[in-house]
Amino acid sequence: MSRVLIFGLLLATCSIAFASDPSPLQDFCVADLNSQVLVNGVVCKDAKLVKADDFLFRGLHQMGYTLNDVGSNVTVVTVAELPGLNTLGISMARIDFAPMGINPPHTHPRATEILTVIEGSILVGFVTSNPENRLITKVLEKGDVFVFPQGLIHFQKNIGHGYAIAIAGLSSQNPGVITIANAVFGSNPDIAGDILAKAFEVDINVVYQIQSKF
């Protein structure tokens with residue numbers, strides 16, 4: 001095998017192995033959320049204008065609003081809420097659950113999630129990719145930690161009698177979230193009913209009924 005081909009294979013392997021948020025090339029790159037320049041990430045604020053508040057987020061001690069259809073609330077701390085996270089490849093969230101509340105099946109396209117239970121008992125799980133589609137699930141108690149691999153569908157449910165709290169760490173400054181039901185049945189515009197009826201093997205009127213809820 002030629003040296004050029006070997007070198008090309010090494011480059012390809014490295015580009016796959018290090019596919020994640022870019023590594024910082026300076027002490028910090030505080031996000032300039034007012035910039036109109038579009039890049040893969042957020043433009044840096046002038047370092048001379050950076051202040052301590054750029055690295056500060058307050059309020060994660062406050063309980064989120066859970067009187068909604070799913071009985072949960074996610075308070076995120078991404079680069080949009082904390083500009084100092086820009087280029088650092090991390091973010092976090094607080095998840096509050098009412099009794100029997102759920103954080104519906106969803107994915108993070110750009111991050112692995114590690115979740116710690118602060119209070120309560122929480123059923124968690126994720127589903128492996130096709131064709132196995134294996135459900136991996138566990139009941140977590142206070143102090144337990146569980147990890148959801150990047151891109152896989154996962155969920156949480158409060159199975160205790162009181163409120164539950166979890167803190168999640170994510171391996172991207174902007175992990176993104178795709179809530180499966182919202183994406184499939186609440187897209188704008190709607191996915192054609194006949195497509196979803198065939199995909200879910202249900203009558204098309206069932207699809208229309210579900211779409212009307214989103």
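Is Lys48 buried or exposed? I looked up its relative accessibility, which is 71%, so Lys48 counts as exposed. The cut-offs I used: buried is under 20% relative accessible area, exposed is over 50%, and partly exposed is in between (1.4 Å probe, protein chains only).

I note that this is a predicted model, where local features need pLDDT of at least 70, side-chain atom pairs count only at pLDDT 80 or more, and totals for chains, interfaces and linings use all residues. Residues are numbered from 1 along each chain as its sequence is written, and side-chain values use heavy atoms, with hydrogens and water left out.

**Salt bridges**

I searched the whole structure and found five salt bridges (a side-chain nitrogen of Lys or Arg within 4 Å of a carboxyl oxygen of Asp or Glu). Lys48 pairs with Asp46 at 3.4 Å, N to O. Asp46 is partly exposed, at 37%.

I then looked at Lys51 and Asp54, which form a salt bridge at 3.9 Å, N to O. Lys51 is partly exposed at 47%, whereas Asp54 is buried at 6%. Shared partners join Lys45, Lys51 and Asp54 into one network of salt bridges.

**Disulfide**

I counted one disulfide (a pair of cysteine sulfur atoms within 2.5 Å). Cys29 and Cys44 form it, with their sulfur atoms 1.7 Å apart. Both cysteines lie in the loop between helix H1 (3-17) and strand S1 (72-77), so the link ties together parts 15 residues apart in sequence. Helices (H or I, at least four residues) and strands (E, at least two) are DSSP runs, numbered from the N terminus. I find Cys29 buried at 3% and Cys44 partly exposed at 33%.
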